[in-house]
Amino acid sequence: MVAVLVSLAVAGNTSNVAAAEKSQMIVIRGGAIYDGEAQAPVIGDVVIDGDEITYVGPRRKVPRGARIINAKGMIVSPGFIDPHTHARRFLESNASEDRLNLPWLMQGVTTIFAGVDGGGTPEIDGFLDDVERRSFGTNVAAYVGFAPVRRAVLKDDARAPDDAELARMKALVAEGMCEGALGFSTGLFYAPQSFSKTDEVVALAREAAVRGGVYDTHQRDEATYTIGVSKSVEEALTIGREAGIPVHFAHIKVLGVDVQGKAGEIIDQIKRARADGVQVTADQYPWDASGTSLQAALLPGWAQDGGREALLRRFDSPATREKIEAEMKENLRRRGGAHALLLTDPGHEWTAKRLDEIAKSWSVDPIVAAVRIIQDGDHSGKLVSFNMAETDIAAFMKQPWVVTSSDGSEGHPRMYATFPQKYARYVNELDVIDLATFINGSTGRTADMFGLSDRGHLKPGYKADVVVLDPVKYRPVATYVQPRELAVGVQALFVNGKTAILDGKPTGIAAGRAIRHRPPPGTCPP
């Protein structure tokens, strides 16, 4: 166990920990230091002074009164960076416990990205100002998202913008970039973003490109829903080429029975683009089930044109409903059948049941059961969908341009357990990657990918985001049936030099900061 050799720093007593933090040097001593590069560790000290790392190396003398963290036998690394999260519940909450962001802190995560899948507000200043004004447990960076931009101009309509409407959309993207967004994020699988054509996305991505941003995408198809995964990948690469912007694939995967086993083909496709000079990267979560909604998984896109009220009217028309259900049946086949869908929204009679179980208990067809759930007010119907092959997961994981992400969302254990899951299963159990690669793909590689110039590495002058892990005890606790269980094994965690976890317990200190991208000079109003 990590022992803190200073009387004031008592885990669980926030006021005492906070008192010990004031202008005091912290020395993490004797651990196996992984500095964020994919290389072997060294045994030594990491010294924190204020919010910065000031020394990394062999044991050294330190001033009297410094706090000493005995990390012998522990792993010491940069705090993990999660580039794809859905932490809305915590970011919007007024409850101090929620704002600690414990699902991520207890995994060792010190920085999260918000606004993914095209969901990020264009009002980046207000969003990030709120992060700091009300305190948050982790650092937060954000994207400007396609969905609110499109809705602000076109609502939920399935049509292309005219020139004036496109100009308004471009202005919103530019505004978000100038206020510090990392880039432009899309979720082209989801309505109303799915109603867009490629040229519309290119025009908006250019606004992010000229301001040094990234094009982050939940691509249009990860399976065979519409254009197929290969053509979907090519669309994203085309957007990158035509907009002159780095392309980042969110939660890269091949999803469903039609494409399982085809990860190698997608990897080769991306390798060719990289060889041709396109900047392409991706993130990935280490789970064989994806997390989405019943609506997104099964409903055809055209049925969602105009929003929920329009959808419900279509269900009221027998002929239209028959057409919708026929396409839902095909989408269910793609997903692997009714047993592959586990409903997870809490508080319902169907919570933690498979769709086939629900249908049997209601004595109806699974599609009829799905429509009933969608109609009965819970139009999202959170679920986990068992639709990925472990060989594909491993193939993507080994690529040097892929990093760890959680896609952490309600109703799926990835929100609470992604990083320990990857460590426990893919490092220790299956030996898909080694420990240094796991840490690099969760820290330094991610920081370098997104231009976080003072995080992700243990180097003097870098921000003091540091995690101390017990290599034996670090593991996931959350499961698909009980997804809200905090991970264990993080013995100490520092966010901007402040102690967020001590002796495996949260201290109650929320020290996260807003991380703002800085556009090149001359690309934004003064």
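Which helix gives the largest share of the lining of the largest cavity? In this predicted model, that share comes from helix 16 (residues 390-397), which supplies 3 residues. The count of cavities of 30 Å³ or more comes to 2. The largest cavity holds about 60 Å³ of space. Its lining is made up of H251, I252, K253, V254, Q284, Y285, M388, D392, I393 and F396. By class, 6 of these residues are nonpolar, 2 are polar and 2 are charged.

The second largest cavity holds about 50 Å³ of space. The residues around the second largest cavity are M397, V402, K422, I433, T437, F438, G441 and R445. This lining divides into 4 nonpolar, 2 polar and 2 charged residues.

Charged residues number 6 in the lining of the second largest pocket, alongside 5 nonpolar and 3 polar residues.

Aromatic contacts were considered next. The structure contains 13 aromatic pairs. In one of them, the ring centres of F146 and F184 are 5.7 Å apart and the ring planes meet at 65 degrees; because planes over 60 degrees apart count as edge-to-face, the pair of F146 and F184 is placed in that class. This pair links distant parts of the chain, with F146 in helix 6 (residues 146-154) and F184 in strand 11 (residues 183-187), 38 residues apart. F146 and F184 are both buried.

A further edge-to-face pair is formed by W287 and Y480, with 5.8 Å from centre to centre and 70 degrees between the planes. W287 is placed in the loop between strand 14 (280-284) and strand 15 (289-293), and Y480 in the loop between strand 20 (466-469) and strand 21 (490-495), so this pair ties together parts that are 193 residues apart in sequence. Since residues under 20% relative accessible area count as buried, W287 is buried at 5% relative accessibility. Y480 is likewise buried, with a relative accessible area of 17%.

Two arginines were found over the faces of tyrosine rings. R60 lies over the face of Y55, at 4.2 Å from the ring centre. R334 is placed over the face of Y225, at 5.6 Å from the ring centre.

Strands of a sheet pair through backbone hydrogen bonds, in either the parallel or the antiparallel sense. An open sheet is formed by 6 strands in the order 10-11-12-13-14-19, with parallel pairing. Strand 10 is joined to strand 11 in the parallel sense over 2 bridges. Within this pairing, G145 stands opposite S185 in strand 11. Strand 11 also carries F184, the partner of F146 in helix 6.

Antiparallel pairing occurs around strand 20. Strand 6 (residues 75-78) pairs with strand 20 in the antiparallel sense over 4 bridges. S77 has V467 in strand 20 as its bridge partner. Strand 20 also pairs with strand 21 in the antiparallel sense, again over 4 bridges. Here V467 stands opposite L493 in strand 21. Both faces of strand 20 are covered, with V466 and V468 buried on one side and V467 and L469 buried on the other.

One further position concerns helix 3 (residues 96-99), in which D98 is found. D98 counts as partly exposed, at 23% relative accessibility. The C-alpha atoms of D98 and G137 are separated by 8.9 Å, although the two residues are 39 residues apart along the chain.

Key: Residues numbered from 1 in each chain as written. Predicted model: local features only at pLDDT ≥ 70, side-chain atom pairs only at ≥ 80, totals over all residues. Heavy atoms only, no water. Phe/Tyr/Trp six-rings, centres within 6.5 Å; stacked < 30°, edge-to-face > 60°. Buried < 20%, exposed > 50% of the residue type's maximum accessible area, 1.4 Å probe, protein only. Lys NZ or Arg CZ within 6 Å of the ring centre and 35° of its normal. 1 Å grid on protein atoms, 1.4 Å probe; cavity = no way out; pocket = protein on both sides within 12 Å on 5 of 7 lines; lining within 4 Å. Points joined across faces, edges and corners; volume = space filled by probe spheres on them. Nonpolar A, V, L, I, M, F, W, Y, C, P; charged D, E, K, R; others polar. Pairing = 2+ DSSP bridges.
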